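Here is a short report on one chain. The model is predicted. Look at the sequence and coordinates before reading on.

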Amino acid sequence: MIETEEIERILKKYKRPKIATCCSHSSLQIFHGARLEGFETLGIVTDKNVKFYGSFPNASPDKLMKVHWFSDIVEKAEELVKNEVILVPHGSFVEYLGKALDDLPVPVFGNRRCLLWERERDRMFEWMKRAGFDTPKVKRRESIDGPCMVKFPGARGGRGYLIVRDKEEFDRKTQNAIKKGFITEEDVKNCMIQEFLIGVRFYPHYFYTPLQKQNYSTKKGSLELMSMDRRIESDVDEIYRAMGIGVVEDPAYVVAGNEPLVMRESLLPKVMEMGVGAVEAAEELFGGIPGPFCIETICDRDLKFRVFEISARIVAGTNLYPNGSQYSAFMFNEEMSTGRRIAREIKLAAKAKRLADVVY
Ligand SMILES: Nc1ncnc2c1ncn2[C@@H]1O[C@H](COP(=O)(O)OP(=O)(O)O)[C@@H](O)[C@H]1O
Ligand SMILES: [Mg+2]
């Protein structure tokens, strides 16, 4: 992983930082928010999407940098630094860049170490346990004794997960998936078998700032609840339509969109404490998580939260709220999206000469 000193050295030379990201995932929101905060923006765009990303008067980046594919960013590092760019990582960005992000000699908003923890499921569980979360039970093939979700390595947006009830079903379904070329033997060896959680999904979106200790404070900073969503996954979320015509197939869990929702207010204090847990565990394990993150939860009938994942960066569910949300209204007198909050944080950190605390 690139040294923090090297990034600090680059940041010191910046006079007017620009906000940049890959044109995908939540980029329109990021550019929109950056523009509201007075930043110039740069979008890294693939050839086929130039027209689309150039078409939004309030959200198109000021400048487009064309690439054949996002992994080409590595070769553009020098040009990005010349443009005084701070990169904002999002889901697609992290997925397409993979390990190349670790050494990329360009400043990245947040702590890039946390993306390493997000990438590997075993580490993710270590983080979640340290945060004090109630996580799904993890099983071995031999101990499957009820509905489980089998997850294969890498971020797949829920693609290709299997539901199995016993080891015979595990063998049959994994062999079938190998035959179809969806997964490899190696993937099966490295899969994680999780207890299938029953309940309601909530995806609260947080922002952690180490710059000030006010409002909902943590040991070293403070936590803001920006918004909340629920994902709609194809085809599980409308499976009743298939069942209605007599189709009974295993549903897929592929993210297709997001819906807004709010939670019973009596649950919010728990949500804030979960956020604090994630922040303080992150501090102990890898030096903190400045910026946005999301805890992926299932709330059961006893109103207990089970956590199956943390996203250590902006999530696409925040796209529902370019003008702020039901929750950000309680914190800000402006229409504050997560994208705008990121830009605000860069501005505040630059003013306080603390950019290195929120950019690495
Ligand atoms: N343990 C679980 N029990 C029930 N549903 C789950 C569980 N884990 C994940 N899911 C469902 O599968 C979806 C994708 O899972 P996730 O682990 O978030 O995948 P990805 O790593 O691709 O984001 C979730 O949004 C949720 O609907
Ligand atoms: Mg997920």
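## Around alanine 278

Start with alanine 278. Setting aside neighbours within four places in sequence, alanine 278 is in contact with Ala131, Phe293, Ile295 and Ile310.

Ala278 is also one of the residues with the most contacts inside the largest nonpolar core. Ile19 and Phe109 are the others named there. That core has 68 residues. Helix H12 (residues 268–286) gives five residues, the largest share of this core.

A second, separate core has six residues. Among them are Cys148, Val150, Leu162 and Phe170.

## The contact between domains 1 and 2

Eight residues of domain 1 and seven residues of domain 2 make the contact.

On the domain 1 side, helix H2 (27–36) and helix H5 (91–97) are the elements that give two or more residues. What is the make-up of this side by class? The side of domain 1 that touches domain 2 has six polar, two nonpolar and no charged residues.

## The parallel sheet

One open sheet has four strands in the order E3-E2-E1-E4. Its pairing is parallel. Strand E3 (63–67) and strand E4 (85–87) are the edge strands, and each pairs on one side only. On average, neighbouring strands are turned by 30° against each other, direction ignored.

Inside this sheet, strand E1 (residues 18–22) pairs with strand E2 (residues 41–46) over four bridges. Cysteine 22 stands opposite isoleucine 44 in E2.

## The antiparallel sheet

Another open sheet of four strands runs E5-E8-E6-E7, with antiparallel pairing. Why is one side of E5 and of E7 left without a neighbour in the sheet? Strand E5 (138–139) and strand E7 (162–164) stand at the edges with a single partner strand each, so one side of each has no neighbour in the sheet.

Strand E6 (residues 148–151) and strand E8 (residues 192–195) run antiparallel and are joined by four bridges. Lysine 151 stands opposite methionine 192 in E8. Helix H9 (residues 167–179) lies across E6 and E7. Helix H9 runs at about 160° to E7.

Key:
Residues numbered from 1 in each chain as written. Chains lettered and ligands numbered in written order. Predicted model: local features only at pLDDT ≥ 70, side-chain atom pairs only at ≥ 80, totals over all residues. Contact = placed C-beta atoms within 7 Å. Nonpolar A, V, L, I, M, F, W, Y, C, P; charged D, E, K, R; others polar. Core = buried A, V, L, I, M, F, W, Y, C linked by C-beta atoms within 7 Å. Buried ≥ 20, exposed ≤ 12 C-beta atoms within 10 Å, placed from the backbone. Pairing = 2+ DSSP bridges. Axes fitted to C-alpha atoms, helices over the stretch in contact; angles between N-to-C directions.
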